[in-house]
Amino acid sequence: MYRMQQQQIRLTDSYGRVARDLRVSVTDRCNLRCTYCMPEEGMQWIADSRILTLSELERLVRIGVEKLGIRSVRFTGGEPLLRPGLADLIGQTAKMTCDNGEHPDIALTTNGLGLEKHIGKLRDAGLKRINISVDSLDPERFAKLTRRDRLADVLKGIEAAKAAGLRPIKINTVVMPNTNEADILPLLDFCLNQGFQLRFIEEMPLGPPQVWNRDIMVKAEDIKATIEEKYQLSLATGQRASSPAKVWDVVQDGAIIGQVGIIASVTKPFCGDCDRTRLTADGQIRNCLFARREFNLRDLMRGGASDEELALAWAGEMGRKLPGHGIDSPSFLQPQRGMSAIGG
Ligand code: SAM
Ligand code: SF4
């Protein structure tokens with residue numbers, strides 16, 4: 001019997017990259033004001049009417065997973081724990097089936113505030129992996145960087161994630177010039193002791209204009225050199241090509257005692273291996289963190305488009321992905337949206 005094979009749409013761009021990893025921002029709101037991400041005051045929040053409802057979010061994630069080949073979904077923000085219904089959304093996502101027959105790999109990036117209240121429900125809903133952002137273990141420096149005196153609460157959240165059994169727990173740290181360079185080694189020691197995987201991230205030009213300065217930014221090579229004041233680093237084996245972090249084994253007295261990742265988004269871009277697509281809280285598809293254009297899937301959906309039409313529009317936007325973010329180009333322009341409204 002002849003059976004028409006269902007055509008599979010894939011998120012392929014004209015350079016042959018295939019997006020399999022979806023970043024979903026569930027809100028642009030946040031309870032911190034990290035200097036590299038937001039201004040101290042005057043943030044223009046997205047109007048509630050433009051924010052996707054939970055069922056709209058679920059529908060678009062389902063289209064990504066079940067029609068477009070997405071295999072991993074990371075929920076982020078703004079601060080995703082501020083979005084009511086996050087656990088339900090994770091629960092629905094965990095039941096979806098990818099094109100390899102498996103359920104999607106679900107992760108969360110959070111600043112950890114209030115995590116102890118939510119972690120049980122999130123884990124039970126299907127959350128497997130978590131990244132928690134901490135830029136300093138010194139309360140004063142933490143408060144200077146985030147403009148809120150909340151380090152103790154973040155540490156409580158990390159402890160709760162560990163107690164809930166989430167593995168791996170990754171810690172994200174942005175290193176800022178003349179601010180938290182002194183935290184590089186204490187944070188690494190803390191993570192090595194606790195069994196967490198630390199990821200240092202180069203600051204990207206995605207915060208308030210004028211904050212990022214290429215001439216003084218802390219580069220991956222500076223971070224590596226600081227770590228090497230105490231430990232030897234040797235390149236870890238078995239790294240995923242699409243992983244943005246270069247992962248190093250941390251060696252002390254000839255023995256590997258853990259690993260550390262360094263994400264050189266600016267000085268060593270990994271655009272050629274990028275496998276990401278992004279959905280903002282207000283339903284815009286972005287084919288790159290630094291894209292200057294986006295596609296308004298929300299209005300297409302609210303106008304009555306079918307799942308097929310939404311999938312084709314999403315694939316079309318990914319087809320327009322540029323070869324690289326172009327930070328080094330003299331014509332580089334920062335995207336209109338900041339990191340918190342895109343979803344990091
Ligand atoms: N609020 C959550 C958090 O902070 O983890 C999730 C959203 S936040 C935008 C996601 C990640 O982006 C965090 O690890 C944060 O440190 C990072 N980030 C924000 N602005 C950045 C910038 N300008 N350069 C590099 N990383 C940045
Ligand atoms: Fe909020 Fe995360 Fe941005 Fe910090 S990095 S202001 S915690 S969204």
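Helix 1 is followed by glycine 69, which has a positive phi, near 85 degrees. Helices here are DSSP runs of H or I with at least four residues, strands are E runs of at least two, and both are numbered from the N terminus. This is a predicted model, in which local features need pLDDT of at least 70, side-chain atom pairs count only at pLDDT 80 or more, and totals for chains, interfaces and linings use all residues. Residues are numbered from 1 along each chain as its sequence is written, and side-chain values use heavy atoms, with hydrogens and water left out.

Back to helix 1 itself. The 14 residues of this helix (54–67) should span 20 Å at 1.5 Å a residue, and the end C-alpha atoms, 19 Å apart, agree with that; the expected span is 1.5 Å times one less than the number of residues. Among the residues of helix 1 that are buried are Glu56, Leu57, Leu60, Val61 and Ile63, where buried means under 20% relative accessible area, exposed over 50% and partly exposed in between (1.4 Å probe, protein chains only). The cover over the buried residues of helix 1 includes strand 1 (21–25), strand 2 (72–76), helix 2 (86–94) and helix 9 (307–319), with contact taken as heavy atoms within 4.5 Å.

On to the cysteines. A search of the whole structure turns up zero disulfides, a disulfide being a pair of cysteine sulfur atoms within 2.5 Å. Cysteine 191 is in no disulfide, and the nearest cysteine sulfur, that of cysteine 34, sits 16 Å away. Cysteine 191 counts as buried because its relative accessibility is 1%; cysteine 34, at 15%, counts as buried too.

Aspartate 149 lies in the loop between helix 4 (139–146) and helix 5 (151–163). With a relative accessible area of 65%, aspartate 149 is exposed. Proline 139 is 10 residues from aspartate 149 in sequence, yet their C-alpha atoms are 6.9 Å apart in space.

Of its 21 lining residues, Met43, Gln336, Arg337, Gly338 and Ala341 are the closest to its centre. A pocket is an open set of points on a 1 Å grid over the protein atoms alone, with protein on both sides within 12 Å along at least five of seven lines, and lining residues have an atom within 4 Å of a point.

Terms used:
Chains are lettered from A and ligands numbered from 1 in the order in which they are written. On a 1 Å grid over the protein atoms alone, a cavity is a set of points where a 1.4 Å probe fits but cannot get out, and a pocket is an open set with protein on both sides within 12 Å along at least five of seven lines; lining residues have an atom within 4 Å of a point.
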